[in-house]
Amino acid sequence: QVQLVESGGGLVQPGGSLRLSCAASGSISSINTMGWYRPAPGKQRELVATITSGGTTNYADSVKGRFTISGDNAKNTVYLQMNSLNPEDTAVYYCNAVLRTMVPWEEYEYWGQGTQVNVSS
């Protein structure tokens, strides 16, 4: 069984910063990719940022230059540093992981429960 536990959401004023964390635990052999998604109009969830185990990152155009994703492979943890937040960033942010479990030795996709980010004055 694998769990993704998110933390770090909250209320922040426009222009402020927040840091989200997501830790994966359980029967994990290796992690391919971890990242963050949020709901978007017309989509179930849109990519915010992802990072591979090798450190390759990918960002949505709307967050480039403001958000930074990083990972700690030893802790199976991913972080999202969010700066210059604006009200359009208000959403539930979901952690995602594509990883290989030990038993069975298969690759699966997992989602966290989500953490709320509110940007408001």
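**Close-up views of a predicted model**

**View 1. The largest nonpolar core has 30 residues.** Met34, Trp36, Leu80, Met82 and Tyr93 have the most contacts inside this core. A nonpolar core is a set of buried Ala, Val, Leu, Ile, Met, Phe, Trp, Tyr and Cys residues joined through side-chain atoms within 4.5 Å; buried means under 20% relative accessible area, with a 1.4 Å probe and protein chains only. Elements giving two or more residues to the core include β1 (2-7), β3 (18-26), β4 (28-40) and β9 (91-101). β9 gives the most, with five residues. Strands are DSSP runs of E, at least two residues, numbered from the N terminus.

The model is predicted: local features need pLDDT of at least 70, side-chain atom pairs count only at pLDDT 80 or more, and totals for chains, interfaces and linings use all residues. Residues are numbered from 1 along each chain as its sequence is written, and side-chain values use heavy atoms, with hydrogens and water left out.

**View 2. A disulfide joins Cys22 to Cys95, with S to S at 2.0 Å.** A search of the whole structure finds one disulfide, defined as a pair of cysteine sulfur atoms within 2.5 Å. The link is left-handed, with -85 degrees about the S-S bond. Cys22 lies in strand β3 and Cys95 in strand β9, so the pair ties together parts 73 residues apart in sequence. Cys22 is buried at 0% relative accessibility, and Cys95 is buried at 0%.

**View 3. Arg66 is found in the loop between β6 (57-59) and β7.** Arg66 is buried, with a relative accessible area of 15%. Its side chain makes a polar contact with the side chain of Asp89 at 2.7 Å.

Technical notes: Buried means under 20% relative accessible area, exposed over 50%, partly exposed in between (1.4 Å probe, protein chains only). Helices (H or I, at least four residues) and strands (E, at least two) are DSSP runs, numbered from the N terminus. A polar contact is a pair of N or O atoms within 3.5 Å; within protein, one must be able to donate a hydrogen and the other to accept it, and residues adjacent in sequence count only if both atoms are side-chain atoms.
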